[in-house]
Amino acid sequence: MSRPPTGPPPWADRFLEWFCHPDLLEEIQGDIHELFTIREAEKGTTAARRYFAWDVIRSFRLSTVKNFDLLISPDMLKMNARIAFRQMLKQKVFTFIKIGGFALGMAACLLISLYIKDELAYDQHYAEGDRLYRMVSYNSIFPEAWAGHVFFPAPMAQALLEDYPEIESAARITPGGLFGGGSNTLRRADQQENFFEEGFLLVDHELLDVLEIPIIQGAPAEALASPLSIVISAKKAAQYFPEEDPIGKSLIINDELDKPYVISGVMRDMPIQSHLAPIDFLVTLTEVEFWQGEQQYWRANNYHTYVRLQEGTDVADLEQKLLGLVDKYYLPSTIAEGVNDPEKEVGEMTFGLQPVGDIYLKSAGIMDLLPHGDIRFVRLLGAIVIFILLLAVINFVNLSTAKSANRAREVGMRKVVGSQRGQLVQQFLTESTLISILALSFAILLAGGFLPYFNQLTDKNLVMPWLAWWFLPGALLGGLLLGIIAGFYPALFLSTFKPIDVLRGHLSRGAKSSSVRNGLVVFQFATSVVLIAGTFVIYQQMNYILNKELGFDKDQVVIIQGANTLGDQVATFKEELQRMPDVQSVSIGDYLPIDGTQRNSNRFGVDNGEQVIGQFWLVDHDYVSTLGMEVIQGRDFSRAMSTDSTGMIINEAMARELGYDNPIGHRLNNGRDWEIIGVVKDFHYMSLKEEILPVCLVLEESPYMISVKAKAGQMDNLLGQLQSTWDRFIPHQSFQYTFLDKEFAGMYKDVFRTRDVFISFAILAIIIACLGLFALSAFLAEQRHKEISTRKVLGASTSGIIGLLTKDYLLLVLIALLIGLPLSWYLMDQWLADFTFSIDLQWTVFAAAGAVAIIIALGTISFQTIKAARLNPADFLRN
Amino acid sequence: MGRKHLGEFEELVLLFVAVQAGSAYGISVMEALAEEANRNVNISAVHATLRRLEKKGFVRSDWSEATKERGGRRKRLFSITQEGETALVEIRSIRDRLWGRLPDLGTNLGFV
C-alpha cells in the first residue's frame, strides 16, 4: 500500500513552472502554495490537492505564459515564410506539381462535400423530425422488389390512431399517377386555358400537421378539411392568381367541370430537399372514395401512411405491437372474401417504421415509386474524395522527401549554427501549410469555376456558399490541417539529418526514405488500377443496360400527355392521327414501360385454385404494335373478335408464374373473369436493376396518354402535324409531349450519374497520381545523371539506359497491379450484385486495366527517362 | 484609450487594495472579495486583475520578505498609486452626482 500523497501534486507544480513567465512565477506559485496550506487545514489534503491543480490550470493564461521559441513568434514565422517562398521559386516545376495536385484534390473535395451536404439535408427540416415515421410493410410472399413497400389500405391511418395510443397523429397520401396524383391539366374555373401541371399529391388534411407544411394564406385548420378542396404552393398561387387572393377561388382539374376544387390554403413552397418534392398541389382526400366501399376495404393498398409518435415511444416495441393489425384487420377481411387459404394469402406480414429523415437516402429494399438518392452513392463519393486527397498528400510527401538531399546541407548548416529540431520541424511545416493554403485558394477558384459542370454531372443546383459563416473558416481549417498532415512526415524526416554526415557528404541523396516512398507509389498506383478497372467495368455494364433487348421498341415514339381532356373526341383524334402518312400506329393508354406512368398490383385467382400477383394494365387494340412488343404465343387483341373485351394478354413472367405449358385459354380472375389469348415477350418496365414481374394487359380505357409511333425518320415532320391537329381539337390546352426513348433514358439517370461522376473523379485521381510520378521520376533521373553519364561513356546504349531507369518503376507498378486487380475485382463484383441484369466480370477487362495502368505509368516516366538517357555525358562529368 | 477606464471588478479590487493599505496581495484580496463582496473568484482572476491594474498604473507592487508558509517565496504586495486614488475619486463623484439626481429611489427600488 502506498501512503496517501502529501503536499501539492508535483505534476501541477512542474506544469506551472514550465509555462509560467519567470517574472510572475514567484508570486503565482507562492500564492497557490499558500492557498494549499490554508485549504489543507480547512478541507483536508485531497480537496486541497484538487484545488491546487485547478488553480494551476486556471492560471494558465495567455498573459502568464512565457515566451516559447516554438510558439508563434512573428519574426520566426516571417523568416520561415520567406525561406519557404524562396524554396518554392527555386523549384518551379515541383512547386507547381505540389500546389497543382493539392489544388485539384481540394477542389474535388469541396465540390463533393457540397454534394454530400446537400444530399444529407433531405427531410431534415422538421421540428419534430425525430418523431416522424413512415409505415413500411414487409411480406416475404411478394416478389423481391415488392417485399418491402409503403402501400397500405385506406382505413389503416384511422385504425392506427384508434388502436395505438403511441401514435399521436397519422395521415395518408397517394402519390404517383394513381387516382389523379402526379401530373394533370389545370385551369382556373373562370378561364378557358388549360395548363399541364406536375406535382399533384392527394393527401389527408392531417398531413399538413404531420409533415409540418406551413399554410401561409388561409386558415390552417380549414385547409384541405372540406371535400373538393385544394392547397397550392405560393409559387403557383402567384402564377394563377397574380395580385389576387386565391383563397376561395376554384380550379378545374382535367376539365372535370362537375368537380371544381376550391382553394382552401396556400402553402409555403415545399423545400426541394424533401422526398416528396416537387409538390405544388395538395388535393384533399376528405370524403374521397375511389370506388364503393374503398375507404373501409383492407385488401387494396393505395396509400402511404405517415405517423407522428408520442414523445418517448419505443419504436421497436411499437413495430412489434403493430403485428396485431394482421389478426384484427387483414385476416378477417381476407376471410370475409371467402378466400381458400386466407392465412397463406396474408403471408408473413410485418410492419416497420422508417424515420422520415431516412426516406430519401436509405430506402433500399423499400418500394415506394418515389425518386431517391442513394446513401451508397454518397459513401462512394466520400471514399473517392478521401482517396483523391490521399493521393495529393502522397505526392507532397514523396516529392518533399525525394528532394531532401537538396535540403540536407541547409539542415546541416542550420543545426551547426544552433537550430533546434523543433525549429526545423516548424520551418518545414510552415512550408507545407503555406503550399497547402496557396493550393486552397486555387482550389476554391477551381471549384467555383467547375461548379456549373459539376451541377450538370450530378443533376443538382448547388451554389458555392461563399457567405456562409462556416465556409471560408472551414476551408481554411481544412487547408491548414491538410498542410500539417502532408508536411508532418517530411518535416520529421528532414530534421533528423545529422550535421556531421551531411556536411561530410555522406548522405546518399534522398535514398534513405526510398522504402516509404516506394510504398506510397505502390499505394497510388494500386488506387489508380482500382479506379481504371472500375471505370471499365462500369462502362461495360452501362452499355449492356442501354443496348439490352428491352422487349419493346423505345425509338420513334412520341407520347402526348394530358389527352384525357379530349373526352369523347379521343376516338376521332386517334383516327385522324392514324390517317397521317408519317404515323405508323397510335395507342391510347397510361400504362407504359417507363417510370412515372400508371402502375398497380393486383391479385388474381387462377383457374387451378392458385393465386398470383401481377400488374393489371389497361390498354387498347394498338398497344402491342405501337410499342413494338412481340407476341410469342396466341395472338394480339383484334377488333374482329368481340370476345376480346374479356380477353387478356400476359407477359412471359406471368406465364412462368402460372406454370402452364400453354396458358392460352386459361382464365384469371381479379373480380372480373379474363381469358388468356396471348403471351408477349418479357419487356422491361421497371428499372433494369430489377427483375421483370408479371403483367396482364386488357382492353380498357385509360385516356391520359397517347403514344404515337412514327415511321422511320419522320419524327420532326410528325411533331408539327400533331401539334396543329391538337390545337384544332383543344385550342385551350397547350400540346404537351415527350419521347419514349427520352423518358426511358431518364429512368437510368441515377445509373448514368453514377457512371459519369465515378469516371470523372477516377480520371482526376489518376491525373494527380501521374503528376506525382512525373515529378518523382524527373527528380530521381536527375539524381542519377552522373551515373548515367558514366555508363554512357563506358558504352551503354540509350535504350539500355531507358531500360535501367524504367525497371525500378515497372516493379512498383507490378506490385500495385498485384494488389489493385484482385481488389477491384472484389469491389466490382459487389457493385454488380446490385443489378438483376449484369455483365459477367471478365479477366480481359482487368488485363486491359492493368495494361492501361502500366502504359500510363511508363508513359509518364518516359519523358524523364528518355531525356536522361539522351543527356550529354560531358555536361555532367566535367566537374 | 481605455487607460482611464476601470471595470466593475477592477474597481472592487482596487478598492480592496486601497483599504488593505500596503499589505494587499493575491490571497488577501481574494479572501476580502469573498467575505465582504460575496464574490468567489479564482486566484488567477485576482492575479490577472492586479496585473492589469498595475499596467494601467493604478497600483504598484513591491516584494515582501520571504515567508515560510510559502516555501520561501516572497509575496508581491500591492498598494494604490496617486493615479489609482484619482480614478476612484472620479468614479465616486460621478456616481454621487447621479445618485443625487435620482428621485425617490428609496421607495421605488430599495425595498422592492
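Visitor: Where does Pro465(A) lie in chain A?
Guide: The model is a predicted one. Helix 14 of chain A covers 421-458 and helix 15 covers 471-495. Pro465(A) lies in the loop between helix 14 and helix 15 of chain A.

Visitor: Is Pro465(A) buried, exposed or partly exposed?
Guide: A buried residue needs 20 or more other C-beta atoms within 10 Å, and an exposed one has 12 or fewer. Pro465(A) has 13 other C-beta atoms within 10 Å, so Pro465(A) is partly exposed.

Visitor: Which element gives the largest share of the side of chain A that touches chain B?
Guide: The contact takes 16 residues from chain A and 15 residues from chain B. On the side of chain A, the elements that give two or more residues are helix 2 (22-43) and helix 3 (45-59). The largest share, eleven residues, comes from helix 2 of chain A.

Visitor: How many residues on that side of chain A are charged?
Guide: By class, three residues there are nonpolar and six are polar. The charged residues number seven.

Visitor: Which elements of chain A do the buried residues of helix 3 of chain B pack against?
Guide: In helix 3 of chain B, the buried residues include Ile43(B), Val46(B) and Leu50(B). Within chain B, the buried residues of this helix pack against helix 1, helix 2, strand 1 and strand 2. In chain A, they pack against helix 2 and helix 3.

Visitor: Which residue follows helix 3 of chain B?
Guide: Helix 3 of chain B takes in residues 43-56. The residue that follows has a positive phi, near 90°, and is Gly57(B).

How values were computed:
Residues are numbered from 1 along each chain as its sequence is written. Chains are lettered from A and ligands numbered from 1 in the order in which they are written. This is a predicted model: local features need pLDDT of at least 70, side-chain atom pairs count only at pLDDT 80 or more; totals for chains, interfaces and linings use all residues. Helices (H or I, at least four residues) and strands (E, at least two) are DSSP runs, numbered from the N terminus. Two residues are in contact if their C-beta atoms, placed from the backbone, lie within 7 Å. Ala, Val, Leu, Ile, Met, Phe, Trp, Tyr, Cys and Pro count as nonpolar, Asp, Glu, Lys and Arg as charged, and the others, Gly among them, as polar. The expected span of a helix is 1.5 Å times one less than its number of residues.
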